[in-house]
Amino acid sequence: MDLTYTAEEEEFRARLREWLAKTLPALPPKPSLGDWPGRRAYDLGWQRTLYDAGYAGLHWPLDAGGRGATPVQHLIYLEETEKAGAPYVGANFVGLLHAGPTIAAEGTTEQRARWLPPVLRGEEVWCQGFSEPDAGSDLAALRTRAWRDGDDYVVSGSKIWTSHAEVADWCELLVRTDPDAPRHRGISWLAMSMDAPGITVRPLRTLAGSAEFAEVFLDEVRIPVAHRVGAENDGWRVTMVTLSYERGTAFVGEVVACRRVLGELAHAARGNGRWDDPALRRWLGRLNAEFRALWRLTQWNVSEAERTGGVPGVGGSVFKLRYSHARQELYDAAAEVLGPEALDLEQEWTRDRLTSLSYTIAAGTSQIQRNIVAERILGLPKGR
Amino acid sequence: MDFQLTEDQRALRDGVRALLAGRFGPEALRTAVARGGRGLDRALWRELGEAGFFSLRLPEADGGVGLGLPEAVLAFEEAGRVLLPGPLVATHLAAGEVAGAATGETVVTAVYGGLVEWLDESDAVRDGAGGPAGDGAAGAVPLTSVDPLTPLHRVPGTFPTDPTAHAGPVGDTGPTGPPRPPDHLATLLTAAEQLGNAARTCERAVQHARTRQQFGQPIGAFQAVKHLCARMLVRVELARAAVYAAAVTADPMDIAAARLLADDAAVRGARDCLQVHGGMGFTWESDVHLYLKRAWVRTRRGGSATVSEELLARDLVAGAGR
Ligand SMILES: Cc1cc2nc3c(=O)[nH]c(=O)nc-3n(C[C@H](O)[C@H](O)[C@H](O)COP(=O)(O)OP(=O)(O)OC[C@H]3O[C@@H](n4cnc5c(N)ncnc54)[C@H](O)[C@@H]3O)c2cc1C
């Protein structure tokens with residue numbers, strides 16, 4: 001067990017740090033929360049900046065246009081960008097963290113050439129059309145239907161909770177291509193252009209007040225058969241690849257953010273006198289233990305990935321389970337520190353607290369994650 | 001960075017596991033319980049000494065094995081898994097300091113948080129706060145220990161009744177009046193035992209959940225049981241990452257964090273294991289209660305948990321704002 005970084009890794013860190021120090025001050029101001037076109041432009045701009053500096057798609061394989069970085073280098077990248085306060089992936093989340101890697105792993109040469117470079121260059125935004133009104137946790141219950149018509153699929157149905165749908169260019173879409181097959185066997189994974197006729201996007205307002213996600217209605221939308229990734233009716237297997245990326249590394253940088261927030265919180269408590277409350281102080285101490293341990297677990301998982309060299313495994317579920325609850329608790333502690341201010345929506349803390357309520361739901365609810373841990377790691381039997 | 005066990009570390013862990021399986025299996029555990037915590041198995045103690053359990057971190061020049069804290073933590077995790085009785089941590093820490101401790105000839109105990117384990121069976125008593133050995137156990141009175149495998153004495157007047165008394169306000173110049181430091185190494189090795197305890201109760205709960213049938217199916221197919229087990233595993237894995245990291249860095253803050261997570265994993269894990277076993281879990285016959293009782297005893301070794309929490313709280317405001 002070794003927690004020291006190699007000279008090479010330290011050099012990578014030093015170069016990145018230097019680049020961040022000179023690049024970040026020149027960034028334009030962040031657009032306001034409700035300004036979707038502004039946020040899209042800002043997120044794509046940051047991606048372009050990364051691309052020009054050679055940091056785009058760091059963890060993508062070389063033959064997919066990425067940098068082929070090791071998992072440890074990727075960890076260092078996430079740690080340093082977060083510490084420096086660099087922009088979050090934002091609207092590029094789906095493209096960079098799961099649609100891109102899925103196409104890199106499962107797509108044809110033409111598909112990789114068509115879709116991967118624009119993601120890396122910050123030219124196209126992707127969204128994820130998996131969930132449906134009657135198929136959330138039970139994703140395989142999806143009903144959006146696709147018929148073959150010549151070289152196209154004709155798709156009708158509806159998707160829900162689609163993050164960034166309003167500003168996306170492409171959608172990783174799950175459709176049912178064989179309604180008679182057993183439910184996991186009749187699904188296909190398609191790349192849908194969000195400009196295609198027949199698509200209606202209706203923004204949904206989240207409890208935080210903003211329109212982060214949307215409902216997407218599909219009325220006889222034509223999607224070329226050539227835009228299918230993986231074989232027809234083999235979409236469930238491709239989806240599992242996507243989900244393993246989604247749950248694998250997506251939250252690493254956020255642990256670093258939580259540790260920073262916790263430090264800020266302690267200083268705020270010192271400033272307003274709440275620090276004198278021993279119960280609150282100890283609560284913050286316990287949260288410190290929690291996030292230190294989560295960071296160590298991250299290092300453990302990354303080291304394991306580096307040794308096995310594969311797709312991130314179910315260990316991501318163990319991490320996500322504890323992390324999502326810890327982060328919600330962090331904001332509960334923040335509310336104790338802030339007192340009345342915690343009810344003021346103008347406070348960033350308050351908005352973050354509201355946002356954090358989704359962490360135990362999105363990307364698989366805690367209940368579903370516990371099923372995964374129990375059945376796939378512990379080998380407990382499936383039940384009804 | 002390569003935060004995974006090395007080949008040698010795996011081999012060491014497997015070796016200790018095999019040794020303990022042969023020498024302190026379920027039968028031996030039951031025999032020890034039947035003896036009611038009287039009579040520490042001196043032969044076993046010497047065998048552990050011969051195998052290098054106590055001299056693991058002693059330099060080879062001094063007759064030790066010359067390994068480090070990570071290896072010691074792996075060995076103590078294994079001891080925790082099988083509920084190996086005796087003042088293992090105190091004797092290990094006395095190796096090289098108290099004659100005969102390294103070889104297992106001498107049994108050394110220590111005063112931790114006002115409690116002394118195995119006092120009547122020990123040859124020497126250390127000061128658990130890391131000070132020199134003395135008559136720290138003078139006036140100790142026996143308790144009827146909750147753990148049938150850990151006889152306990154109570155040292156009057158040494159229990160810090162108000163932990164905050166040790167953790168005064170933090171001044172602008174930084175922390176002042178730090179809490180009385182517990183012996184960090186004792187805390188860490190105890191956390192390793194708690195980790196082993198937690199991992200074992202998780203395995204046992206899962207084993208039982210796979211085989212015990214109710215309503216025509218294994219109880220592990222019921223989500224309520226499944227989720228109990230999943231929570232146990234998540235606590236174990238997080239504690240493991242924290243304990244191993246603390247062994248690598250030996251940083252007092254990492255140790256304080258590891259201790260809190262390992263205590264939590266051990267105590268809650270044992271309770272959940274008991275729950276999964278149903279009525280059988282509440283019997284003396286099943287070993288499940290032993291894991292819970294030992295976990296309780298160990299929670300007191302690192303001083304009160306609130307002291308660790310205070311240390312970690314101070315860490316958040318120490319330095320220039322981070
Ligand atoms: C902020 C946010 C962003 C999202 N972004 C996207 C996106 O971009 N694209 C996309 O496709 N989806 C997205 N989702 C959808 C998300 O994946 C689903 O909300 C989630 O999988 C849960 O599905 P559901 O909402 O239908 O809840 P349901 O499945 O109806 O679950 C309701 C409750 O029942 C519980 N439950 C359900 N089944 C079981 C079971 N078998 N055992 C125990 N408990 C169970 C759940 O845990 C939950 O508590 C997003 C969600 C949120 C909150």
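A polar side-chain atom of A:Thr365 sits 2.7 Å from an oxygen atom of the ligand, in what is a predicted model. Of the 970 Å² of accessible area that the ligand has on its own, the protein covers 65%.

## The shell around the ligand

The ligand is surrounded by 18 residues, the closest being A:Gln128, A:Ser137, A:Trp161, A:Thr365 and B:Gln223. Because the surrounding residues come from chains A and B, the site is shared between chains. Within chain A, strand E3 (152-163) and helix H11 (366-377) each supply at least two residues of this shell. By residue class, the shell contains 11 polar and seven nonpolar residues, and no charged residue.

## The surroundings of B:Asp264

In chain B, helix H8 (residues 252-276) contains B:Asp264. With a relative accessible area of 18%, B:Asp264 counts as buried, because that term applies to values under 20%. Leaving aside residues up to four places away in sequence, B:Asp264 touches B:Arg235 and B:Gly269 as well as A:Arg322 of chain A. The C-alpha atoms of B:Asp264 and B:Gln194 are 8.8 Å apart in space, although these two residues are 70 residues apart in sequence.

How values were computed. Residues numbered from 1 in each chain as written. Chains lettered and ligands numbered in written order. Predicted model: local features only at pLDDT ≥ 70, side-chain atom pairs only at ≥ 80, totals over all residues. Heavy atoms only, no water. Near = heavy atom within 4 Å. Polar contact = N/O pair within 3.5 Å; in protein donor to acceptor, adjacent residues only side chain to side chain. Areas by Shrake-Rupley, 256 points an atom, 1.4 Å probe, with all protein chains shown as cover. Helix = DSSP H or I, 4+ residues; strand = E, 2+ residues; numbered from the N terminus. Nonpolar A, V, L, I, M, F, W, Y, C, P; charged D, E, K, R; others polar. Buried < 20%, exposed > 50% of the residue type's maximum accessible area, 1.4 Å probe, protein only. Contact = heavy atoms within 4.5 Å.
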